[in-house]
Amino acid sequence: MDVFNQTDLFSTDEVRKTEFDLPGADVTLFENFFSKEESDRLYTSLLNNTNWEQDQLLIYGKEIDLPRITAWYGDSNADESYATTKSKALPWTEDLLFIKKRIEKEVDVKFTRCLLNYYRNGEDSVNWHRDYNGEERKNTVISSVTFGATRPFQLKHATRKDLKRIDIPMVHGSLLIMQGATQENWLHKIPKTTKKILPRINLTFRWVS
């Protein structure tokens with residue numbers, strides 16, 4: 001089934017690797033990390049088989065729906081904090097273990113958690129933020145996988161105004177790895193868009209030293 005058309009990729013399954021020269025960060029993009037066939041299959045399966053939930057954010061005493069729906073999966077039922085919510089991780093699924101093992105061949109860590117985000121349209125987004133808090137930001141590995149519509153992943157330095165914002169197109173089947181002190185020094189976001197676009201599923205596999 002041809003779910004998403006990767007017109008901006010080569011017609012082969014060759015993986016393209018790009019390392020970004022960013023001060024205080026270690027960011028690498030792998031385009032076509034999953035083949036077109038794998039990506040189509042995983043998108044459809046994740047969309048239909050994930051236990052999606054609508055989380056809320058407390059702003060000025062009022063609960064506001066997050067502009068996306070989410071799900072937590074991982075090694076155990078221990079709590080994992082995200083934004084102002086605490087969600088229990090569900091057991092790994094066959095699809096998530098397949099993706100996880102593929103990434104772990106590229107990164108020498110064993111991921112313990114995965115946050116899934118479903119961006120239903122261009123109105124769904126995530127604002128500027130850094131993952132984790134305090135000392136945890138100094139040595140983390142976050143592997144971000146995209147299935148579905150291409151959305152720009154934006155990065156900006158947390159303190160240096162002389163550094164330009166970086167826009168990385170996250171295409172169907174791509175993998176973005178953020179390591180080391182990236183979370184300490186850089187913020188990231190997925191902006192809203194008024195364009196009519198198809199949905200996107202994003203998975204962030206996480207590890208903290």
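In the predicted model, a cluster of aromatic residues is built from Phe30, Phe33, Phe34, Phe98 and Phe147, which are joined to one another through ring pairs. One member of this cluster, Phe98, also has a charged neighbour, for Arg41 lies over the face of the Phe98 ring at 5.4 Å from the ring centre.

Across the structure as a whole, 7 aromatic pairs are found. Among them is the pair formed by Trp52 and Tyr118, whose ring centres are 5.5 Å apart and whose planes make an angle of 35 degrees, an arrangement classed as tilted. Trp52 belongs to the loop between α1 (36–49) and β3 (56–59), whereas Tyr118 belongs to strand β9 (residues 113–119), and the pair therefore ties together parts of the chain that lie 66 residues apart in sequence. Both of these residues, Trp52 and Tyr118, are buried.

A further aromatic pair is formed by Trp92 and Phe205, and this pair is stacked, with 6.1 Å from centre to centre and 10 degrees between the planes. Here too, distant parts of the chain are linked, since Trp92 is located in the loop between β8 (90–91) and α2 (94–104), while Phe205 is located in strand β16 (residues 200–208), at a separation of 113 residues. Trp92 and Phe205 are both buried.

Key. Residues numbered from 1 in each chain as written. Predicted model: local features only at pLDDT ≥ 70, side-chain atom pairs only at ≥ 80, totals over all residues. Heavy atoms only, no water. Phe/Tyr/Trp six-rings, centres within 6.5 Å; stacked < 30°, edge-to-face > 60°. Helix = DSSP H or I, 4+ residues; strand = E, 2+ residues; numbered from the N terminus. Buried < 20%, exposed > 50% of the residue type's maximum accessible area, 1.4 Å probe, protein only. Lys NZ or Arg CZ within 6 Å of the ring centre and 35° of its normal.
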